[in-house]
Amino acid sequence: MSARKIIVYIATSADGYIARADGNVDWLNRPRTAGDYGMGAFFKTIDTILWGRKTYGTGKEMNEGSVPSYGPSIRNYVFTRRPPKRHPPGFEFVNEPIAEFAKKLRGRPGKNIWMMGGSKIIASFLDAGEIDEFIIHVIPVVIGEGIPLIAPRHREVNLKLLSARDFPDGVVRLHYRVERASEEPQRAPAKKKSSGRTR
């Protein structure tokens, strides 16, 4: 296993959404905050950010049309089927199989990798076995409908809880590791039903 981990670091509503149906995240504006919820410490552990196309677009809108930037030392990859001809500084647009891309990225020296989202790109990496951890900040608000943390499809992925922390304003941070198939506990074989006959 590569030392470089791909980590989903994200916030959700209490009912599991990362944004409203139109992409709005106004509900993240907390009346009272408790510091940065560990963002500063997490940011020191990464040097790469993965973006879905819609999340990248939303970031530009929130930044008044400018490309979202986390500093010159951060490499950014945006996944899209239609890469633009011109790339903003510090950004690369990707259209290749997830597993191949992740293998190359993990093979390069560097820090951990922040999976920014959104739900479709998280789902694609998760289904390809390329998500290592989730750090989810559950915001104490129910928004009723919206974009889920992970785009839905039939799947079952076991998570191991590494830590949980609650903040004074009601936010709860859950840190999970994605369990690989080889790590999952083996289920006991089902007992055969007796035919009722005796020998």
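Does His137 count as buried or exposed, and at what relative accessibility?

1. This is a predicted model. In it, His137 has a relative accessibility of 6% and therefore counts as buried, the cut-off for that class being under 20%. The residue belongs to strand β7, which spans residues 133-139.

2. Neighbours within four places in sequence aside, the contacts of His137 are Tyr9, Ile10, Ala11, Thr12, Tyr37, Val171, Val172 and Arg173.

3. The largest pocket has a volume of about 1600 Å³. Two or more lining residues come from each of β1 (6-13), β2 (17-19), β3 (46-52), α2 (53-62), β6 (112-117), α4 and β7. The most come from α2, which gives six.

4. By residue class, the lining of the largest pocket holds 24 nonpolar, 13 polar and nine charged residues.

5. Helix α4 (residues 119-127) also packs against helix α3 (residues 98-107): their axes come within 9 Å and cross at roughly 80°. The two helices are therefore roughly perpendicular to each other, as crossing angles of 65 to 115 degrees are classed that way.

6. On the α3 side, the contact is made by Ile98, Phe101 and Ala102, which meet Ile121, Ser124 and Phe125 of α4. Five of the residues in this contact are nonpolar and one is polar, with no charged residue.

Notes: Residues are numbered from 1 along each chain as its sequence is written. This is a predicted model: local features need pLDDT of at least 70, side-chain atom pairs count only at pLDDT 80 or more; totals for chains, interfaces and linings use all residues. Side-chain values use heavy atoms; hydrogens and water are left out. Axes are lines fitted to C-alpha atoms, for helices over the stretch in contact, and angles run from 0 to 180 degrees between N-to-C directions. Helices (H or I, at least four residues) and strands (E, at least two) are DSSP runs, numbered from the N terminus. Angles under 35 degrees count as roughly parallel, over 145 as roughly antiparallel, 65 to 115 as roughly perpendicular and the rest as oblique. Contact means heavy atoms within 4.5 Å. Ala, Val, Leu, Ile, Met, Phe, Trp, Tyr, Cys and Pro count as nonpolar, Asp, Glu, Lys and Arg as charged, and the others, Gly among them, as polar. On a 1 Å grid over the protein atoms alone, a cavity is a set of points where a 1.4 Å probe fits but cannot get out, and a pocket is an open set with protein on both sides within 12 Å along at least five of seven lines; lining residues have an atom within 4 Å of a point. Grid points are joined across faces, edges and corners, and a volume is the space filled by probe spheres set on the points. Buried means under 20% relative accessible area, exposed over 50%, partly exposed in between (1.4 Å probe, protein chains only).
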